[in-house]
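Please keep both in view while reading.

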Amino acid sequence: MPAPPSAIYATLSSPLPSKPYILSIKPLPTNPHLILRHPGPDLTLVDNQTLQPVERLTGGHQGNVTAIAVDQEAIWSSAKDGSIVRWDERGRRAGTVIRAAVRKPIPVTALTISERDHLVIAGTELVSSESHIMYWDNRNPSQTIYLHSSTHSDDITNLSILPPTSTFQSSASSSGNGPLPQRLLLSSSTDGLIALSDLKESDEDEAVICTENWNQSIADSNWYLHKGKMKFWARSDMDGIATWDLGLGGEAGDELELQNHIEYPSSSFKFKSFKPPKQGPTITQTAAEEMESKIQLKSDYLIDVIPSLGVGKNGGAITAVGTNEGDIILQHHSTSTDYSPSAYLLSGPSKSRGHKDVVRALYHDLSNEAIYTGSEDGVISGWNLNSLPDKLVVGDDEIDLSGDEIEDEDEDMDEESEIETESEESDRSDDSMGLDDEEEKGPRYGPIIGGGNNTDKGKDKRKEKRKGNRFGPY
């Protein structure tokens with residue numbers, strides 16, 4: 001049997017001076033700082049060791065910042081006022097400024113970038129019955145290079161660039177259909193649609209490769225890999241989760257599709273009761289603190305999906321749920337229908353440790369085995385996963401029983417997967433949850449870059465299916 005879930009306290013917690021909500025946490029690409037997003041026009045940089053603010057990025061936006069994208073040495077952010085800014089990290093000021101507008105400024109709600117492809121891609125709110133995916137060349141950003149306005153029919157909530165794969169090319173050559181997209185764009189929206197598009201195709205009808213409608217308003221989405229096969233997850237506004245596999249289908253079996261749709265209702269994450277370990281974390285406590293030890297926790301909301309922490313044998317990624325008192329429970333996919341606790345990140349044992357309010361942001365630093373969290377009371381906390389008394393349960397019997405990584409994992413993936421990755425194309429953006437070579441050895445089935453197969457056949461059928469999906473209810 002797997003070891004019971006263990007618990008830890010935050011290694012360090014720090015309240016920001018003005019105590020603003022912390023809505024997201026991103027790492028800087030070139031130094032040990034974290035970027036914090038708030039419900040305002042400015043960003044905060046904090047040191048990842050002391051958690052103390054070191055700088056504020058101001059003057060780039062007039063509206064609330066909605067998204068942050070980091071790639072190579074570039075830091076970009078978008079805002080409700082329609083501005084997209086590339087920040088000068090050394091000067092701590094706005095460098096390139098792009099204005100998203102179609103006849104008038106449009107609020108930007110999602111952002112991704114590819115410095116290598118010189119692309120800046122933004123998703124917008126629904127304005128005048130249209131929501132747009134807008135593309136700019138960052139070398140000449142005065143106007144869009146193309147615009148996709150019919151992929152989604154409501155506010156766009158996430159954009160992510162998928163990694164390149166050699167499989168696209170080899171499959172296309174063998175089927176005689178010519179080269180296929182090396183890089184795809186994942187997009188999701190409150191219209192319930194999740195879509196994959198060729199990010200270098202200007203014609204929208206030709207760009208959209210496949211779509212699926214979850215019939216629920218999607219708040220966030222992204223991709224991960226399980227045993228070499230690419231999977232996608234989406235989180236609904238009501239804190240449910242859905243997953244899909246990337247595979248081949250169609251009459252000839254050569255069309256890229258989102259398959260094996262699995263839903264996990266909000267009851268898997270919200271309003272669940274948990275009993276943390278009786279002994280609690282291994283830390284000196286006063287008698288009064290021991291009296292106040294938590295006997296039972298009840299989750300109130302879903303914080304995030306965190307595949308980098310681990311993926312179970314059935315393909316479900318670890319998730320984090322939170323309590324209104326600031327406690328965090330990491331959960332693993334235990335069965336085909338449910339999630340079970342993996343570890344407890346507890347507020348305490350003193351008032352200066354952990355959170356005392358709703359946790360809105362979580363970032364897993366895989367290379368340092370650390371978790372950073374931010375809450376509505378303006379507190380950022382750091383958690384050392386190495387301090388867990390027992391290893392993190394990820395829901396994979398082979399791993400959890402033995403306590404060891406699967407040594408022949410690479411061989412297994414080669415045998416089971418049709419997905420191959422070009423070594424020279426291994427650089428990825430933060431939005432794609434990319435890792436460097438050392439980090440790719442990460443925990444359990446942590447993300448390993450891959451892709452899928454596709455052909456150019458069946459475009460007309462895809463267009464018709466997309467229309468049906470897009471206008472379906474949710």
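The structure is a predicted model. Its protein chain has a mean pLDDT of 81, with 74% of the residues at 70 or more.

**Confidence**

- Residues 166–180 remain under 50 in pLDDT, and the model gives them 33 contacts beyond four places in sequence.
- A further stretch, residues 470–474, has pLDDT below 50 and shows 17 contacts in the model beyond near neighbours in sequence.

- Five strands form an open sheet with mixed pairing, in the order 1-30-29-28-27.
- The edges are taken by strand 1 (6–9) and strand 27 (301–305); each has a single partner strand, so one side of each is left without a neighbour in the sheet.
- From one strand to the next, the twist averages 30°.
- Strand 1 and strand 30 (residues 339–346) run parallel and are joined by 4 bridges.
- Opposite I8 stands L345, which lies in strand 30.

- H332 is located in strand 29, which spans residues 328–333.
- The relative accessibility of H332 is 8%, which is under the 20% cut-off, and H332 therefore counts as buried.
- The side chains of H332 and S342 are joined by a polar contact of 2.8 Å.
- Leaving aside residues up to four places away in sequence, H332 touches I318, D338, Y339, S340, P341, S342, V393, V394 and G395.

Technical notes: Residues are numbered from 1 along each chain as its sequence is written. This is a predicted model: local features need pLDDT of at least 70, side-chain atom pairs count only at pLDDT 80 or more; totals for chains, interfaces and linings use all residues. Side-chain values use heavy atoms; hydrogens and water are left out. Two strands pair if DSSP finds at least two bridges between them. Helices (H or I, at least four residues) and strands (E, at least two) are DSSP runs, numbered from the N terminus. Axes are lines fitted to C-alpha atoms, for helices over the stretch in contact, and angles run from 0 to 180 degrees between N-to-C directions. pLDDT is the predictor's confidence in each residue, from 0 to 100. Contact means heavy atoms within 4.5 Å. Buried means under 20% relative accessible area, exposed over 50%, partly exposed in between (1.4 Å probe, protein chains only). A polar contact is a pair of N or O atoms within 3.5 Å; within protein, one must be able to donate a hydrogen and the other to accept it, and residues adjacent in sequence count only if both atoms are side-chain atoms.
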